Amino acid sequence: RVREDGKPFRQRLLVVANRLPVSAIRKGEDSWSLEISAGGLVSALLGVNEFETRWIGWAGVNVPDEIGQKALTKALAEKRCIPVFLDEEIVHQYYNGYCNNILWPLFHYLGLPQEDRLATTRGFQSQFQAYKKANEMFAAVVNKHYEEGDVVWCHDYHLMFLPQCLKNHNRKMKVGWFLHTPFPSSEIHRTLPSRSDLLHAVLAADLVGFHTYDYARHFVSACTRILGLEGTPEGVENQGKLTRVAAFPIGIDSERFIRALDLPQVKTHIKNLQERFKGRKVMLGVDRLDMIKGIPQKILAFEKFLEENVGWHEKVVLLQIAVPTRTDVPEYQKLTSQVHEIVGRINGRFGTLTAVPIHHLDRSLDFYELCGLYAVTDVALVTSLRDGMNLVSYEFVACQDKKKGVLILSEFAGAAQSLGAGAILVNPWNITDVADAIKKALNMSSAEREKRHKHNFHHVKSHTAQEWAETFVSELNDTVVEAQLRTKQ
Ligand code: G6P
């Protein structure tokens, strides 16, 4: 097999992630339609085409019958995807429970669930057992499709047990694991009842990667303090075995966004949006509707800005795209009502017969609509309370080479370390700070906007998803060779 440009692929790569890049929707007994999944992991990995890639993951749907499973497997094969079928009970305990009610909030510094949140999914222990079982199910599919020489790249907090399951089956498999969320301070990780099991399981990998140096450092501290292992500049040592630990900041396929701006359908969206919001500055938020994204705090900061800047009423609009996510988890349901309540109150308070200050959409946009929206935006607001990296900030910058709009960025997003010099950094918990940043952004001179944008645009163009994947995979290959040499010595 060769790549689309006729060149040979570098290597076969098995990408294993809970979520496949496409999610399936059942249309009939044996027919399925597929749509692109949401989230940073998918959007980054879609930009990787140097390798002969197979994706292994969950298609986001329960398929109890054999006819449906066969048809879906066939439809996914065309996208080079291989499904892992998880039944409803496992999804409830593993995905809704352990992954999204326990690990996700904990890794974003929101703490472990209190009793009432645990009770919704039958307690910690059964969720943990389901988590391990789900990881074994992913491992079985990887083992079935693995060919000698493949690189197996496991992704994210859903699959922390996977490296251990794979290595137990085949010591020689090249296994990497990458975390797309923050890894919290070891003091936070210590509170997790299964803290040691998870660390040991991840350490079975040859290479462990994080978005930032700080996350890598927290992981090494957790291994030294909780497991009593030795941390070295290369990683973590356990009885003579070294697990390499390093930072690999992710990027996007920036050219895809830049090229899209010249497409007729995107130009039409741009024209329509410009007409629709003529005479008003456009502020934009694009987030999954998740508690880590700080959407209520962002909207309250916008309210404070309106309170203090009467002259801006009717001259500015906030468009908030809130993509529904994990809708079976009660915390997410509560968040949806909370956001609707705040938006309704503010629009009631500041709206007029002809205009409202906030347009809030509970849905995703297609790629072309999104590019159009990024291109017409004057100020983007990324105010996550914590975020592994946040690629919305990168996508916005990629689409702004004409307009040179301002990025307001949370200092708790991984992206603050790469785009911090060009953005206005804020503490999203401090609503006054964010309201002031909005004012500063809206009044910024074009010379300063240009200077800030130039810095960020350069970064986004030169740090791509492709380069990120290549660096990780080469490092993984090298790590395995070095380990073999060490064993021979
Ligand atoms: C984050 C996670 C991804 C996840 C995505 C969407 O970006 O790091 O692993 O796929 O959110 O969440 P979902 O639960 O819908 O897969």
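Close-up 1. With 25 C-beta neighbours inside 10 Å, Val-202 counts as buried (20 or more other C-beta atoms within 10 Å of its own make a residue buried, 12 or fewer exposed, and anything in between partly exposed, with C-beta atoms placed from the backbone). This is a predicted model, in which local features need pLDDT of at least 70 and side-chain atom pairs count only at pLDDT 80 or more, while totals for chains, interfaces and linings use all residues. Residues are numbered from 1 along each chain as its sequence is written. You will find Val-202 in helix H8 (residues 195-203); helices (H or I, at least four residues) and strands (E, at least two) are DSSP runs, numbered from the N terminus. Leaving out residues up to four places away in sequence, Val-202 touches Met-160, Pro-163, Trp-177 and Val-208, where contact means C-beta atoms, placed from the backbone, within 7 Å. Leu-159 is 43 residues from Val-202 in sequence, yet their C-alpha atoms are 8.8 Å apart in space.

**Close-up 2. Phe-128 in helix H5.** Here is a residue of helix H5, Phe-128, and it is buried, with 21 other C-beta atoms within 10 Å. Beyond its neighbours within four places in sequence, Phe-128 is in contact with Tyr-98 and Ser-194. Gly-97 lies 31 residues away from Phe-128 in sequence and 8.7 Å away in space, C-alpha to C-alpha.

**Close-up 3. Helix H5 against helix H6.** The axes of H5 (residues 124-145) and H6 (residues 162-169) come within 9 Å and cross at roughly 45 degrees. Axes are lines fitted to C-alpha atoms, for helices over the stretch in contact, and angles run from 0 to 180 degrees between N-to-C directions. H5 and H6 are therefore oblique to each other (under 35 degrees is roughly parallel, over 145 roughly antiparallel, 65 to 115 roughly perpendicular, and the rest oblique). On the H5 side, Asn-135, Glu-136, Phe-138, Ala-139, Val-142 and Asn-143 meet Leu-162, Cys-165, Leu-166 and His-169 of H6. By class, this contact has six nonpolar, three polar and one charged residues; Ala, Val, Leu, Ile, Met, Phe, Trp, Tyr, Cys and Pro count as nonpolar, Asp, Glu, Lys and Arg as charged, and the others, Gly among them, as polar.

**Close-up 4. Helix H12 against helix H17.** H12 (residues 295-308) and H17 (residues 431-442) pack at an angle of about 60 degrees, with their axes 8 Å apart. That makes H12 oblique to H17. Residues of H12 in this contact include Leu-300, Phe-302 and Phe-305, and those of H17 include Ile-431, Val-434 and Ile-438. The contact divides into eight nonpolar, two polar and four charged residues.

**Close-up 5. The open sheet and its E9 end.** Nine strands form an open sheet of mixed pairing, in the order E5-E4-E1-E6-E7-E8-E11-E10-E9; strands pair if DSSP finds at least two bridges between them. Strand E5 (81-83) and strand E9 (230-231) stand at the edges with a single partner strand each, so one side of each is left without a neighbour in the sheet. E9 and E10 (residues 235-238) run antiparallel and are joined by two bridges, with Glu-230 opposite Glu-237. A hairpin of three residues links E9 to E10. E10 and E11 also pair in the antiparallel sense, over four bridges, and in their hairpin Gln-239 takes a positive phi near 45 degrees.

Note on methods. Two residues are in contact if their C-beta atoms, placed from the backbone, lie within 7 Å.
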